[in-house]
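The sequence and structure come first.

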Amino acid sequence: MKAFEYVSPSSAEVAVKALDGVDAAPLSGGTDLISRMKDLVTSPKRVVYLKDISAIAGVSGDAASGLTIGAETTLAALLSSKVVKESYPALWQAASEVGTPQIKNMATVGGNLCQRPRCWYYRAGFGLLPTKDGKNMVREGDNRYHAIFHTDGDALFVSPSSLAAPLIALGATATILGPKGERTIPVASLYQIPKKADDRELTIAANEIVTKVTVPAAKGKNASYEARQKAAHDWPLVMASVNLDLDGNTVKSASVIVYGVAPVPYRAEAAEKAITGKAVNAESAAAAGDAAVQGAKPLSDNGYKIPLTKSVVKRALLAAVGNRYWEEG
Amino acid sequence: MADLDQKPKVGASRRDFLRGSGIAAATAVITGPAVASLDEAKAAEPEYKVVADTVTLKLQVNGKELSTEIEPRCTLLDTLRNRLDVTGPKRVCDRASCGACTVIIDGATVYSCTTLAIACQGKKVETVESFDTGPTGVPHAFVQHDGLMCGYCTPGFVTACKSLLDRNPNPTLDEVRKGVDGNICRCGTYIGVLEAALAAAKAMKGA
Ligand SMILES: Cc1cc2nc3c(=O)[nH]c(=O)nc-3n(C[C@H](O)[C@H](O)[C@H](O)COP(=O)(O)OP(=O)(O)OC[C@H]3O[C@@H](n4cnc5c(N)ncnc54)[C@H](O)[C@@H]3O)c2cc1C
Ligand code: FES
Ligand code: FES
């Protein structure tokens, strides 16, 4: 890792000043940034340490009024929150599967949302739109973990954050602090599909930080369900986070966000439409799962993500209404 | 040599500013040519302290205060092993992916290979060296239950188990499995590790 200068500011406001005007990177748990620095994928001149800023850490609020989650809250702290576990299971379940116990102790909510893609071409220094001899390296190469939606373009990585999908499904917003002040945007608006080689997949500027995430009051039912190749030390292959607004048993409106299938957290509108107006049962959930893959165009090695997405969406919907049939003997 | 304990004055000192701006690379060369731009430096004084080169780091390791000089880019693992001769934590993947370097900071296990030493100033670091090696300790249970082969992953597993038992003295097998999820053993000693953790839990209760 290249040498850098280090700042450990006492507040988010000072952190933003320290990030401004230099080639700097904010550091939280370091589980993404430090490895990228070791691999020389990222070599900032200055590192600004946010994790000791206690004013932007911690979970507060309740199910009736909504939650405020400081960006520097560790995943372990998030998981120990009773209200998250009981009222926001979509978020709790997704966080509980992230990485390993050590990662959960180190990683923060802000860092998780802003972690950079794990595409192996990006991590090997070829950028987010890796091309060689005019050809897209992902399309031509090993793309087994890559996208199945938005695959007409050159950005074929998948958005890596396990927390983004549930937070988007729950309608959460992120508060961003930068040199020009503070703004609040939907969590979904943190992400974009890069078009040019130097575009980021994050919409926030390098001198801006996420200070907190705000989750609206919990109404209806929510859940996440994911499929993984390995139980730990890895990211989900596909995950679905759903949030259902119910009228009795009937779905009044639904959010279905799928992880692992696109360069941004993917809103499966067709699945949302399919389940709206229905009671969630094995049949309607399966139909919504089938609808979720409408328009998917897999690459050469990741066609398996089609049936996986169908099942994962189906199971997330059923889990939301308390049907976890796959856990019964 | 900068000292990390030194509180950043509101507006870092001229020294820190100069160091941060890279004008003066070595402390010894602080005066001289830089004086000319003192006014300019003062005007631009930021409210934070920039550490740009070597600093003296004080770490609480296993109850002792240890001190060494580091650069901001030194990881906790390399600092412990190469500068403080605390060699229990091992370096295997060096990328937060295997657990061999696991240490306990302020009660929580972390990968020391992916933690900056400079961020640990003032924090309590516990490594495998400090654990009870007597008959009710986790290391003893590993020996009794064949929880190791080559031993390279072992300090990390012992640390993960010890931390788990500190928080949960009565773990189920499944909880032990989850507790050591962050550690990988290339030799495949998992069965022994799980047995050792459960046996240590029993031994600690005097059973
Ligand atoms: C073995 C392994 C398995 C993993 N499995 C999963 C998984 O299943 N699901 C998953 O989601 N992740 C997984 N991860 C990734 C891990 O969760 C992320 O690296 C972590 O959440 C990032 O948080 P951090 O605090 O460590 O961020 P850092 O590494 O400190 O930062 C990550 C990025 O965000 C920027 N940043 C940090 N804080 C802020 C902020 N407040 N505002 C703006 N930018 C910021 C940094 O500059 C950096 O670019 C895994 C990682 C490993 C090593
Ligand atoms: S050496 Fe730190 S996790 Fe592998
Ligand atoms: S004993 Fe050899 S790696 Fe675990």
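Val7(A) stands opposite Val48(A), a residue of S3(A). Strands, like helices, are DSSP runs numbered from the N terminus (strands E, at least two residues; helices H or I, at least four). This is a predicted model, in which local features need pLDDT of at least 70 and side-chain atom pairs count only at pLDDT 80 or more, while totals for chains, interfaces and linings use all residues. Residues are numbered from 1 along each chain as its sequence is written, chains are lettered from A and ligands numbered from 1 in the order in which they are written, and side-chain values use heavy atoms, with hydrogens and water left out.

**Sheets of chain A**

Two strands count as paired if DSSP finds at least two bridges between them. S1(A) pairs with strand S3 (residues 46–49) of chain A in the parallel sense, over three bridges. Both belong to an open sheet of three strands with parallel pairing, in the order S1-S3-S2 (chain A). Its edge strands, S1 (5–7) and S2 (24–27) of chain A, each pair on one side only. From one strand to the next the twist averages 25°.

An open sheet of four strands, in the order S11-S12-S13-S14 (chain A), has antiparallel pairing. Here the edge strands are S11 (221–227) and S14 (266–267) of chain A, each pairing on one side only. Strand S13 (residues 250–259) of chain A pairs with S14(A) in the antiparallel sense over two bridges. Ile257(A) stands opposite Arg267(A) in S14(A).

Helix H13 (residues 305–320) of chain A packs on this sheet and touches S11, S12 (238–247) and S13 of chain A. The direction of H13(A) makes about 35° with that of S12(A); axes are lines fitted to C-alpha atoms, for helices over the stretch in contact, and angles run from 0 to 180 degrees between N-to-C directions.

**Interface of chain B and chain A**

Contact means heavy atoms within 4.5 Å. Buried area is the accessible area (1.4 Å probe) that two parts lose on being put together, summed over both. A salt bridge is a side-chain nitrogen of Lys or Arg within 4 Å of a carboxyl oxygen of Asp or Glu.

| Item | Value |
|---|---|
| Residues in contact, chain B | 34 residues |
| Residues in contact, chain A | 29 residues |
| Buried area | about 2600 Å² |
| Salt bridges | four salt bridges |

Carbon and sulfur atoms give 58% of the buried area. Tyr48(B), Arg73(B) and Arg95(B) supply 23% of the area that chain B buries against chain A, more than any other three residues. Lys123(B) forms a salt bridge with Asp52(A), with the closest N and O atoms 3.1 Å apart.
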